[in-house]
Amino acid sequence: MKQKNEILSKTLPNGLVVLAQHIPHIKSAAYDVSFPGGLAMDDKDALGASLILAELTSRGTKNLNSRALSDAFDFDGIRHSESAGFSRYSYRGSLVADKIDTALTLVRDMILDPSLPKEEVASIKDLYLQDLISLKDNPSALAMIELQKRYLPEPFCRSQYGEESGIEGVSYDRLKKLWDDSYAPSKAIVSVAGAIEPERIFEQIEALFSRWEGEGHSPPEFTEFQSTGDHHVPYESAQQQIVFAYPSAPFLSKHYYTAKVVNGILSGGMFGRLFIEVREKRGLCYSVYSKHAGAKDYGMVTVYAGTTPERAHETLSVILEELNNVSGNIEEKELSRAKTNLLSGLIMSEESAASRSVTNSSDWYLTGKLRTLEEIREGIESVTVDDISDYLSEFPPNDFSLLTLGKRALTRDSVGGKR
Amino acid sequence: MIDQKLVTLSNGLNVLGERNPHSKSVAMGFFVNTGARDETDEESGISHFLEHMMFKGTAKRSALDVTYDLGALGAQANAYTSEETTVYYAAVLPENFEGLFELLSDMLQPAIDQAEFDTEKNVILEEIALYQDRPSFYLFENALLRHFSGHNAGNSVLGTTESVSAITSDQMKDYLTRRYAASNITLVVSGNFEWSTLQALAEEHCGQWPSNGTQRSYSEFTPENKTETLYKKDLSQAHILLIGDGVSAKSEERYALNILTTILGDGTGSKLYWKLVDTGLAESAGFELDTRDGLGVTYAYASTTPDRSEKVSDLLEEVLQNPLDFSLSDLERAKNKICSRLVLSGELPMGRLMSLGNSWIYRKEMHSLDIEVEKYRGIELVDIETALAGTPLKSWSKFTLLPEKN
């Protein structure tokens, strides 16, 4: 007998991995179908081609035209999205579980049998070009992208919005070729969770996807971080954006859970040190946070603060001080608070089918296996103050790249920050 | 399996619960029937400012204690202020429910310490600055103010830099006493908890809260439709907003109109989607109903490049001028979309919490998810026609935000 909540996996002969998790006491289900591709694998002169292609596959299949396809999803109340991310294409959806057959069939049709209507390309390009224009009106997102461009190596530095020249210039034939080259099962994952029977999902996926063939793209390998200098982008806005990034533990590193806990201490809930010191005690910002992201072969912490220009100097100075203070300065209580929060969030996310389907898929992609709730709990609970010291000596939060976007430039030297 | 109960304490505080023993968490929220609409001009922004002060200390907890205690409980907590309601909510694992209850009810009796007040005022001013940099928010805020021309329904939630700067802690204490009466607050709990525990906690921690006969003051609103273009420096995209009549939160016609706005203006697969977004003319387009206390509005919105703003605006109006230009299968699809979303969002205690709280605050109504789904299932074309026979979609104000000309 399978245990409740157990996640089962099966690999089909074409390489496609199927993950299925039954969640008791809910009526919904969610799917996530993903495979390598996206901005990281776009040709350098066609950045954004993958964005157009993912959207194009949703504009009709061999059986259904664009309108009929959209109507079919809507008729069964299936919320769905088709997109190209940084290194994966993903097709996701949430639905009332008795509609899972329809949902997976429609997704199969978009991936394996899209009609790729040429006449839709111009309007899709228009949409993504407008997204790029709109980005200019979004200072916080723009600041992060500008930082990423300067700090990460090619192709990790690429903007998830693509580039104007790439979107405008890519031809229909190149889009078709991109579909031929990248839509392949060898590294694809289909993850389904919710009110479903795993064995039935395996049968269904096998029936739908076993004729899918091909090798597809390989994800890029990370080299090393770029310049750690200070940068400024002039911009007319009420608030000054301050962002910076420094290396941290990758997903597979022994420091991974420690990095998550340290980020919890710095930026968890409303009790993180940055929030307390910058916002609660000094009222310098509305929004200040740090994030830890652990990819397969690199990890990174990004810090964000948005504040009016006259408070920017003090904001940066307090943040830098807090980052320097973490090492060797953590109380047991603080540690336990950060762990409780991570665990509580984790358990609550267990009852959401959408969150399970995505997490299972990303775990498999990163490690080739699945983490049980127990493993994660253990990983988080076992972090000690000594682990934190080890982590911080390997990834000291001072080797960073800083970027400000707004009316005036700001450097770490100007606030007495260490290099 | 899922059951609901309502208890009214002797001071008038309503306690609503929906228990689902299979949930992995429990969510609770205090829904206060107060917001920007209940502010005088001098108080503009005070409801939202007060919402922030609830996290800044009580008679027995400092601001840091509040924050750290929330952290120790693993609570996912937050609050929001709208034109008509202020809501404080959190979710925890069931074993931390009692701790959360004690903490959240203590927070609702804030100390409003002067030093904390002064610091937090700066945070609010930063929040106002942050939203100034978001064009669509900027347009909504300014358009509502103009559309309601002086009526309190158009009051700004954040207030302005000037109004917030001038607010004193005494004004805030006065507002708190006036508006946070037990009879003006509803406590909602959803998820995995025990009735006996809830009742005992409510009596113990909220039973002594003072009450008064506080009421919202209502005045007649007669829309005068306006057409206005606003300009913003260094803007890249154009934004268009049409504000028209809707129906109030009490109106049964809201079901029919919600279905209609889904047909005409849902994010995908709607009339506006096919006309504007699928064709690449607009970056986004939507149409929705905002049901409020005693009145309601509809918003039609689109963002596009400045050179296309007139064309997009015309097409937006064209869709609204022909609201019944849809098929029965469009109707069926919209119903299915709405019902599926209700089921999905209703699966998490937090999703049900919001739905239960708002439905009680506005309608004194307690519906199970199944009943809510049935209401939408039962809507026919004739119900939409009847709803349209009233004021919705007869006329609207039109606001456009464009880049300032150099």
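Two strands are taken as paired if DSSP finds at least two bridges between them, and helices (H or I, at least four residues) and strands (E, at least two) are DSSP runs numbered from the N terminus. The model is predicted, so that local features need pLDDT of at least 70 and side-chain atom pairs count only at pLDDT 80 or more, whereas totals for chains, interfaces and linings use all residues. Residues are numbered from 1 along each chain as its sequence is written, and chains are lettered from A and ligands numbered from 1 in the order in which they are written.

In chain A, an open sheet of five strands has the order 7-11-8-10-9, with mixed pairing. Strand 7 (230-234) and strand 9 (287-294) of chain A stand at the edges with a single partner strand each, so one side of each is left without a neighbour in the sheet. From one strand to the next the twist averages 15°, where axes are lines fitted to C-alpha atoms, for helices over the stretch in contact, and angles run from 0 to 180 degrees between N-to-C directions. Within this sheet, strand 8 (residues 240-248) and strand 10 of chain A run antiparallel and are joined by nine bridges, with A:A245 standing opposite A:T302 in strand 10. Helix 9 (residues 256-267) of chain A packs on the sheet, where it touches strand 8, strand 9 and strand 10 and its direction makes about 180° with that of strand 9; contact here requires that the C-beta atoms of two residues, placed from the backbone, lie within 7 Å. Helix 11 (residues 309-326) of chain A lies across strand 8, strand 10 and strand 11 (401-406), running at about 145° to strand 10.

Helix 12 and helix 14 (residues 373-381) of chain A have axes that come within 10 Å and cross at roughly 170°. These two helices of chain A are therefore roughly antiparallel to each other, given that angles under 35 degrees count as roughly parallel, over 145 as roughly antiparallel, 65 to 115 as roughly perpendicular and the rest as oblique. In this pair, A:K339, A:L342, A:L343 and A:L346 of helix 12 meet A:I376, A:R377, A:I380 and A:E381 of helix 14. The residues of this contact divide into five nonpolar, no polar and three charged, with Ala, Val, Leu, Ile, Met, Phe, Trp, Tyr, Cys and Pro counted as nonpolar, Asp, Glu, Lys and Arg as charged, and the others, Gly among them, as polar.

Chain B is divided into domain 1 (3-206) and domain 2 (227-403), the bounds of which come from an automatic or database domain assignment. The centres of the two domains, taken over C-alpha atoms, are separated by 27 Å, and their contact takes 32 residues from domain 1 and 25 residues from domain 2. On the domain 1 side, at least two residues each are supplied by strand 1 (3-8), strand 2 (14-19), strand 3, strand 5, helix 5 (135-147) and strand 6 (185-191) of chain B, and the largest share, nine residues, comes from helix 5. By class, this side of domain 1 has 15 nonpolar, 13 polar and four charged residues.

Strand 1 and strand 2 of chain B run antiparallel and are joined by six bridges, B:Q4 having B:E18 in strand 2 as its bridge partner. The two strands form a hairpin with five residues between them, and B:G12 in the turn has a positive phi of about 100°.

Chain B also has an open sheet of five strands in the order 7-11-8-10-9, with mixed pairing, whose edge strands are strand 7 (227-232) and strand 9 (284-291), each pairing on one side only. Strand 8 (residues 238-245) and strand 10 (residues 296-304) of chain B run antiparallel through eight bridges, and B:L242 stands opposite B:A300 in strand 10. Helix 11 (residues 309-321) of chain B packs on this sheet, touching strand 8, strand 9, strand 10 and strand 11 (396-403), with a direction at about 25° to that of strand 8.

The contact between the chains takes 55 residues from chain A and 50 residues from chain B. On the side of chain A that touches chain B, helix 4 (121-135) is among the elements that give two or more residues, and the largest share, nine residues, comes from helix 4 of chain A.
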